[in-house]
Amino acid sequence: MISFNSKTNTFRLDTPGSTYAIFINERGYIGHAYYGSKIGDDDVSYLTRNKEYGFSDNAIFREKGSFLDFFPQELPTDGLGDYRESALAVCDAEGHNAIELKYKSHKISAGAQPLPGLPAVFGSADECSVLDLTATDDILDAEVTIIYTVFEKLDAIVRSVKIKNNGSKTLFLKKALSLALDIDDDGFDVITLHGSWARERHIDRRPVHMGKQGVCSNRGETSHQEHPFLALLDHKADWDSGRVYGINFIYSGNFIADVQKNQFNNVRAVMGINPENFSWKLEPGCDFYTPQAVLVYSDNGLNGMSHTFHDLYREHLIRSPYKKSPRPILINNWEATYFNFDTDKLIDIAREASKDGIEMLVMDDGWFGHRSFDDSSLGDWIVNENKIKGGLKHLVDEVNKLGMKFGIWFEPEMISPDSDLYRAHPDWAIQIPGREPGMSRQQLVLDITRKEVEDYTYESVAKILRSANIEYVKWDMNRQLTDIGSVQLPADQLGEFYHRYVLAVYRLQERLITEFPKLLLENCSGGGARFDPGMFFYSPQIWCSDDTDAIERLAIQEGTALVYPLSTMGAHVSVCPNHACGRVTPFKTRGYVALSGTFGYELDITKLPAEERAMIPGQVALYKKFSDLVRNGDYSRIASYSENNEYDCWASIAKDKSKALVTFVQVLNHPNYKTRFIKIAGLKPEAKYRVTWPDEDQTKFQPMELSGLTLAKAGIPLRRDWGDFQAQLIYIEEC
Ligand code: DGJ
């Protein structure tokens with residue numbers, strides 16, 4: 001709910017458990033008054049520190065410089081005395097860097113608004129309200145609107161910023177972030193997500209220290225390495241208790257997420273498009289919208305924060321028709337065959353897979369041009385009939401006859417120097433004239449910001465999809481951007497390139513899901529380098545990582561699930577020794593870990609050892625039984641192997657608290673320890689639950705009946721005499 005009190009000049013943005021307050025001071029500055037647990041209906045203007053004393057007493061009435069350096073602002077600007085990290089920097093036609101925002105007007109409306117060309121949360125008039133808070137700089141003739149979307153039933157507030165040039169001279173945006181949050185430091189820790197190829201989104205938690213700390217990407221995509229997420233939390237906050245502020249960015253390109261603790265022990269967090277290599281030429285009459293940043297507040301620790309992010313993305317960002325429904329259990333041939341496959345091999349895999357209840361065959365990289373390794377043919381999206389004998393339609397029809405769906409891999413944004421496309425259009429690759437562009441995975445990136453390249457790219461994918469009954473696409477992107485040059489952008493607009501690139505990716509995927517509305521689209525980027533909420537707007541699931549090892553996946557999926565619903569995490573069972581790290585784990589453990597994602601297989605089923613093959617129908621049955629609970633329940637972390645170096649445990653709890661599925665992995669076993677008790681919070685304290693081990697020998701793992709209170713406070717017993725990498729599923733259902 002959004003309200004404005006004209007007597008105190010304050011806005012309140014209230015959600016069920018949080019209050020966010022804004023104060024317009026007597027000079028028109030838009031101050032941040034409060035964000036945190038819900039508070040009483042008081043005049044909160046005093047919280048902005050509007051009148052402070054110190055080196056320059058009562059600064060607002062004497063010196064703007066001193067004032068701006070401590071005043072908490074909703075959208076801090078550059079160049080006039082706030083020396084902290086700014087959110088908006090504008091350069092005028094004469095080269096002056098300064099912008100000063102003073103309140104002009106506001107509008108409160110019901111229902112979320114779309115953002116032109118960008119992914120955006122949606123919600124009806126009953127579900128959310130919007131505050132458009134407009135300020136102006138009269139010298140520049142610039143108008144800036146901060147757009148807040150406030151959810152009625154979720155402790156989430158989404159922000160974006162619109163900057164409009166109302167004047168007659170060109171302006172240059174040097175920095176246009178989406179979010180700034182000024183709060184007192186009460187001894188915060190900061191959490192960010194870090195990684196690399198095959199080990200994405202590991203959680204890193206450390207105290208907030210003086211000065212600046214943060215994460216960013218300048219790679220043209222969100223990246224394996226760092227992630228557009230940041231949490232500020234009480235030093236003592238844990239999974240289920242303590243204050244947490246979670247910040248996330250609905251964007252798939254270069255970003256920054258910074259925290260700065262200043263001279264007065266205040267903390268400013270900012271998030272937005274990375275200003276490095278960014279600028280935007282704003283001609284008279286034109287406007288620019290920043291992507292949305294999401295703020296989530298939790299009084300119930302990290303699990304409370306995760307629940308809100310998951311609900312927000314499942315209900316208000318993912319649009320796919322698959323968002324609520326089970327995903328087909330797929331088998332992908334990448335780790336099974338790599339580039340070495342043909343129609344017969346794929347049909348063999350599909351035939352065997354169909355016998356075990358697997359529902360879709362996905363043909364991965366290598367079916368087009370003359371590609372038999374990663375050194376050619378990207379851009380030549382023509383079926384290689386030497387491999388796909390009889391053509392694509394024949395293959396798809398044969399797979400359909402087995403009762404299975406068919407899916408296909410593309411890497412639409414890329415071009416191989418060894419391709420007919422490159423030979424015809426060498427200038428379509430992103431490059432700086434006169435400089436040999438850097439290769440990565442032996443490929444270059446198409447300049448899809450050019451209309452003719454975008455259209456070619458779209459048609460390449462669409463014509464294949466029109467040619468056969470293809471029900472799934474894996475959209476891959478296997479290198480990051482370098483050598484930014486453009487044949488169409490003049491020098492004073494080259495800083496727009498990275499953002500224009502992301503907008504072109506969004507346009508391409510929008511066209512795809514518009515023409516093929518039933519398509520199941522899975523995004524991917526060399527594993528999980530473009531696993532971000534921007535992509536959820538187009539695809540309900542994203543390949544999490546090229547590391548399919550069950551133990552490596554624990555940290556990857558833990559970090560991913562901290563922010564994103566389990567229904568979005570692409571997860572497959574593969575063979576051992578694992579191709580990424582060489583580890584050998586039980587087939588059962590691989591299955592349980594993948595069951596917490598979209599679930600599928602990535603192996604040559606025709607060569608699988610008999611005892612492993614025999615377990616597939618059972619795993620398929622588990623997926624069928626528990627997928628609804630996993631996709632739609634509340635995910636709660638119970639224990640983290642990354643923290644305790646011994647075991648991992650998490651649960652999916654039904655929204656009505658009638659059932660829960662707990663997954664436990666004993667990563668490292670030590671001899672002669674006795675029973676471990678795992679406490680399951682979040683069920684109904686007074687209700688009685690039946691606790692079973694659905695996939696175990698029932699004579700050894702006998703069911704128990706326990707109340708929700710006992711489950712939360714005393715826990716369930718887990719024996720410790722297994723061995724490394726063993727796992728268990730525990731099902732808890734109200735009696
Ligand atoms: C990277 C993806 O993450 C893999 O799953 C696979 O599709 C390869 N690319 C194919 O080149």
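**Ground rules.** I am working from a predicted model, where local features need pLDDT of at least 70, side-chain atom pairs count only at pLDDT 80 or more, and totals for chains, interfaces and linings use all residues. I number residues from 1 along each chain as its sequence is written, and side-chain values use heavy atoms, with hydrogens and water left out.

**Entry 1, the whole chain.** I looked up the secondary structure and found 16 helices and 38 strands in the protein chain, where helices (H or I, at least four residues) and strands (E, at least two) are DSSP runs numbered from the N terminus. The radius of gyration of the protein chain is 27 Å, close to the 27 Å that the globule rule gives for 735 residues, so the chain is as compact as a globular protein of that length; the radius is taken over C-alpha atoms, and the rule is 2.2 Å times the number of residues to the power 0.38. Along the principal axes, the C-alpha atoms fill a box of roughly 80 × 70 × 45 Å.

I then looked up burial, and 62% of the 735 residues count as buried (buried is under 20% relative accessible area, exposed over 50%, partly exposed in between, with a 1.4 Å probe and protein chains only). Of the contacts between residues at least 6 apart in sequence, 69% join residues at least 24 apart, a contact being heavy atoms within 4.5 Å.

**Entry 2, the parallel sheet.** I traced an open sheet of 8 strands with parallel pairing, in the order β29-β28-β27-β26-β23-β22-β21-β30. At its edges stand β29 (569-570) and β30 (600-601), each with a single partner strand, so one side of each is left without a neighbour in the sheet. Two strands pair if DSSP finds at least two bridges between them.

Strand β22 (residues 360-363) is joined to β23 by 4 bridges, in parallel, and valine 362 has glycine 407 of β23 as its bridge partner. Strand β23 (residues 405-410) is mostly covered, with 5 of its 6 residues buried. Strands β27 (residues 520-523) and β28 (residues 541-543) also pair in the parallel sense, over 2 bridges, and here asparagine 523 stands opposite isoleucine 542 in β28.

Proline 565 lies in the loop between α11 (550-561) and β29, and I found it buried, with a relative accessible area of 0%. Leaving aside residues up to four places away in sequence, proline 565 touches His310, Tyr313, Arg314 and Phe536. I also noted proline 540, which is 25 residues from proline 565 in sequence and 9.9 Å from it in space, C-alpha to C-alpha.

Most residues other than glycine have a negative phi, and most peptide bonds are trans. I therefore looked up two residues against that background. Alanine 198 has a positive phi of about 70°; this alanine is in the loop between β11 (188-196) and β12 (199-207) and is buried, at 7% relative accessible area. Arginine 441 has phi near 45° and is placed in the loop between α7 (420-424) and β25 (444-445), where it counts as partly exposed at 27% relative accessibility.
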